[in-house]
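This report looks at a multi-chain protein model. Please have the sequence and the 3D view at hand while reading.

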Amino acid sequence: MFGFGKASDRIAISFENEGSRTKKALSASSTQLPVFGSTESVRGQVEVRVPAGKKVEHLGVKIELIGQIEMYYDRGNFHDFTSLVRELDSPGVLLRDQRYAFDFGNVEKPYESYNGLNVRLRYFVRVTVTRNYTSGNMVKEAEFLTLLAQPPPDVNNSIKMEVGIEECLHIEFEYDKVKYHLSDIIIGKVYFLLVRIKIKHMELAIIRREAAGTGAQQYNESETVTKFEVMDGAPVRGECIPIRLFLNNYNVTPTYRNIANKFSVKYYLNLVLVDQEERRYFKQQEITLYRAAAA
Amino acid sequence: MAAPGSSDLDNQEAYLKEATRKVKEQGFFMKRCMDSSDLKGALNHASDMLRELRTGVLTPRNYYELHMKTLDELHHLDDFFGQLCKDGTKTASELYEQVQACGDVLPRLYLLITVGATYIETRQAPAKDILNDLVEMAKGVQHPMRGLFLRNYLSHACRDKLPDTGSKFEGQGGDVSHAVDFVLRNFSETNRLWVRMQNQGPSKERKRREKERQDLRILVGTNLVRLSQLEGVDVERYVQAVLPKLLEQVVNCKDSIAQPYLLDCIIQVFPDEFHLATLDSFLETCTQLRDKVNVRVILEAMMKRLAAGARDAQSSSSGEAVARTPPKAFAAFNSCVTKLLEEKKGAIELAELLRLQAALLEFALECYPGRLDYVNHCFGTCAAVLRQDPPRTEPLDDTEAEQLERVLALPLAPSGGLGGVLELTLFGELVEYLPWRRRRDVSLGVVRAVLGAGEPLDSVESVEKLFSMIGPLLRDGPDDATGGQQQKSSATSDAVPDEATEQLLVARLSHLFQHDDTDALFRIFGAARRHFGQGGIDRVRYTLVPLVFRALALARAVRAVETKIAEQQAEEQAEENKKPAEEPPPPTEKEPAEKTTDGEEEEAPEEEEEEAPAAAEAPAATTEERTTIKPPQYSSRKVFQFVHEIVTAMAGSFPSLSLNLFLQCAQEADKCGFKAIAYEFVSQAFIIYEDELPDSKAQLRALHSMVGSLLLSRGFDDSDYDALATKTTQYAAKLLKKPDQCRMVATCSLLFWSDDPSRVRDGRRVLECLQRSLKIADACMTSSSPPIHLFVEILDHYVAHFEKKNPMITPKYIQGLVALINEHIDNMDRVDGRADLEAHYRNTLARIKAKEIIPLP
Amino acid sequence: MAGKDFGELVLVLGDAHIPHRAAFIPEKFQRMLVPNKMQHVICTGNSKDQYEGLRTLAPNVHMVSGDLDEGSFPESKVVQIGQFRIGVMHGHQIAPWGDPHSLGMFQRRLDVDILITGHTHKNEVNEFDGKWFINPGSITGAYSSLHADVTPSFILLAIQGNKVVTYVYQLLGDTVDVSKSEFQK
């Protein structure tokens, strides 16, 4: 961390209206962060605290706003797709607590914040109090989120498909749409046209597939977001089983396609039939998730 | 989750115990979360609790146990959800969505149903929509047993949430059609699951599976109960929207367990008027069932149900005849039965066919009392089924015979209300198919029915018809004959009382013979005698006796007619006044003397030339008819001859009875003015007395009757009377026991002193009797117990004759007897009856004193 | 037909002659003969077929042999009911049949206040010399050579203290006729 200094608890960053601003967490385990719109100005205040009776000599105070993609497999390989700097103070000595306002006006934030298995995309502001070599820089970062609402798709067909194993199992399934917003309900049906195997149960899984990097360096990772049992027991021919799944209940992101040429996140519905010998018969279908504008 | 294996069966108790423990535990946690308003926690624990119901190990009964325990816990959520909605913490729709996050379908659906009920209750959404959603989503459970229980919970949880007519959920929430739709859909799915159980698992476990299905059937039937409870389901809706769906399900499920069960449920849960309105389609369905299904049971249940309804209606309307069952119901059942016969002739066993007819018959009798044509129709169907070409050689087996017997017996039951048992054509043909013993039982039913109806039998034809129906009671059958004598004697002890009861019933039939015309009645008697006569001596002793008495009454009636004619002729003659009398008053037809049946001793009462016209007290039944009375073809003599033959035939086997009957005949003949006939009858009685009477008690009884009869007689010539009286007194003197002799001889004294001064009054003979009696009493004398009671009784006779002013009986005899008695009475030992004797003597003395016969202190 | 005020009720009947001379007890009578009303039944005989039926009517059934009973029951019986000694016989033993003098002889012999006999099929309630002679007739109206038309009848005795009230029930055509008489000891 040479050259970057260490995170200092003597610097505090606060965003404008932080108390009333929408906050969200990307996952259940992560902390809640303020959310900024795609072109929203990022403003706020920085406070550098100087303990009583001390002074801080510095070579300048600056604040950066960074949009960054980070690959976990390749530590330290950061790709900053946005990087803006504002000088807050020229070199000098601080004798007491000093406050600075910052303002990144109408800054463009083209991507959503994302926290995946091999990659993450984040936005943050970083305050650096540059000092001489011996004292080391004082640094403080404050992360924020950007979530990009998308308009509803113009075309949104249903997914309908007939699949089967000859003389063994023949089903037809249907999901009402191909594109779902994040609080959407997946409604579907499974028709059993032929059942010659002893089915034990049927489930619908949501699978997230993350592709990070490119070429030989590409890392693909699949993750089951949820397994949702939709049928218990063996149906007979002609049976039609309803599916209803509330996406709300799960931690999903919109589908990301080739973000800054660095990564993609895709979602699939996987319909799985398990027979009494624990054999699994499945069919995956990609669906597109998008973030709808808040109602 | 497969069907429980054999090891699972062994461990049922342990599984159940463990699962129950977990349910209790999770239920406890769930309630704790509820107490701290932790919805999420409560739902999690509820899900965990409900996961126990995912087991595939338990048998239906044990699963039921676990299910009930789980629901006990689950009910706590009802209030909790209700409260959350009420205080606004959550909207019902939020809850509805939230519970659907549960990853396992079974717990999810239980929770969904629980919230759904709350949701409907809040009326934040139309009941019909939620019901629709619930019943649809429940399809997620396709495991038959788990599905059955889940849907049962659905049905239960929503039972009071339906938008039924009059319910608070009606209107916005939908109407009764939605309620019906919900229940019907749930029923249909439930039934499909139930039927599916049949085809799961190895075929060798079929038996066990069928048993398990029977255990679970109530879960299906409950839905039908629900339907029947809907206020809004009226006849019209039932006809239009409910029954067609049910029947469709019944037919389409093609399951031989479900079909009879469901149809039976339909029969039981819906009211009669619904059934009557839909009988045709219901019956149509009955012809479309699997071959394995016993349609008879279903039809029988429906008929029983309707019949019971008709019966109730009748009794509640207090006798007022209500034709509640529409006339076409019989036709509908009948055409259904006919169709089954045609379509499944080979597949249905004969016994079942007969049972079916029995059921139809029972229905007809119950609903259409008195409809003989229906009964005959059923008989016809039975006959058609039984007739075969070539004719059957095998007798009916026991079950078949039992059913046929039932068919025949049903119209005979008192409740059958059928007067015209004799109008049952084909009865004779059908009864022929039965083994003798059963024919006998049926015959007995016929007799009871005929007696119960009390309708007169007024022609030879009807008597012949009746007797052709009850042959087994009138004679021995092939069964009875086999085994011969020794079997009979060994069986006597227990068989005889039974037979006696039967014959006592048969005997009553004679009292139903009626006809105003004496000739016609006599012909009926003749026919009856012919039939009864075949019965052998053990039957005749019961059956022919009533005929004797009927014939005696008939003789009296004929005699009255004859007298009337004689009077008429006398009048005419008096009017004509010129011609001398030509003919004796009573008709004197010469008839060929018939041989008596046993032919041993033919004696028709001889013709007498100068019988006086019958006593004037003969009833004037045919009075005041101006027209000339037709002379009876059968004279009263002929009738007496008839009874003579009958009694003569029995004399050898039943002497006491025959003797009594002869005396009865004699009394009647005497009354009719036939002294010779009367004499003949008395003579016959005397012959029996001498030759046949078994013991002294019978003799004593006979003598009493003989004395009484003689005293009653009016017509005998003096010499005849004297001969008979003398004979009787001789018999009395020869009785075995001295006291009997003594008493009887004293009694015979009465024979010689008539109250009627114009008749026998032979004081000497009276005295002879009394003195002889006294002598016999003397012979009984022992020192320890003098026969004082006999003395006192003889004294009574002396007193009586004294009072009758018999000059031979003077006070000195009485004086002497009193002295004799007084002499001994104080010495008498204290024996039983002494007080009675003293009382008797005191009474006699009081009488003597009152009549001042002799001076007494 | 019974009430507390009647005292002890005694049903008197006989000579049913079923099945020999009649098929049934008339239905109108059957309907009147119900259990738990009477304390005694006295039967003059020739009613063997009715014995079991009579036993359901009252706790005490006193039955004697008729001329056709072949000695199944005693020839005569004396029953004490309340203050009254009642003698029962069928009556065929008392010649001439139905003769008041002869009946009187048997009344004295049995030393009874009331002598009940049958056999004649003609109901009677008579008093001679302070004693009562009762004949219930034939309950079925059975054939008898003694009379042309027999009226079905039976008698009910209400015994209270030193008083007896007799009710004679006769079936005249289709109607039941009741006549009452009373006597005191």
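The model is predicted.

**The two domains of chain A**

Chain A is split into domain 1, residues 8-146, and domain 2, residues 159-290. Their contact is made by 15 residues from domain 1 of chain A and 17 residues from domain 2 of chain A. The C-alpha centres of domain 1 of chain A and domain 2 of chain A are 40 Å apart.

On the side of domain 1 of chain A, the residues that lose the most area to domain 2 of chain A are A:Y73, A:Y114 and A:L117, which together give 40% of what that side buries.

**A:D275**

A:D275 belongs to strand 22 of chain A, residues 263-275. Its relative accessible area is 1%, so A:D275 counts as buried, the cut-off being under 20%. The side chain of A:D275 reaches the backbone nitrogen of A:R279 at 2.8 Å. Apart from neighbours within four places in sequence, A:D275 is in contact with A:K198, A:I199, A:K200 and A:Y281.

**Chain B against chain C**

Here 40 residues of chain B are in contact with 32 residues of chain C. In chain B, B:R508, B:F549 and B:R701 lose the most area to chain C, and together they make up 17% of what that side buries. Between chain B and chain C there are 3 salt bridges. In one salt bridge, the side chain of B:R508 meets that of C:D49 at 3.1 Å, N to O.

Several helices of chain B give two or more residues to the side that touches chain C, among them helix 24 (484-508) and helix 26 (537-576). Helix 30 of chain B gives the most to that side, with 8 residues. The residues of chain B that touch chain C divide into 16 nonpolar, 12 polar and 12 charged.

**Interface values**

| Interface | Buried area | Share from carbon and sulfur atoms | Residue pairs in polar contact (both at pLDDT 80 or more) |
|---|---|---|---|
| Domain 1 of chain A and domain 2 of chain A | about 1,400 Å² | 67% | 6 residue pairs |
| Chain B and chain C | about 3,500 Å² | 55% | 17 residue pairs |

How values were computed: Residues numbered from 1 in each chain as written. Chains lettered and ligands numbered in written order. Predicted model: local features only at pLDDT ≥ 70, side-chain atom pairs only at ≥ 80, totals over all residues. Heavy atoms only, no water. Domains from an automatic or database assignment. Contact = heavy atoms within 4.5 Å. Buried area = accessible area lost by both parts, 1.4 Å probe. Polar contact = N/O pair within 3.5 Å; in protein donor to acceptor, adjacent residues only side chain to side chain. Helix = DSSP H or I, 4+ residues; strand = E, 2+ residues; numbered from the N terminus. Buried < 20%, exposed > 50% of the residue type's maximum accessible area, 1.4 Å probe, protein only. Salt bridge = Lys/Arg side-chain N within 4 Å of Asp/Glu carboxyl O. Nonpolar A, V, L, I, M, F, W, Y, C, P; charged D, E, K, R; others polar.
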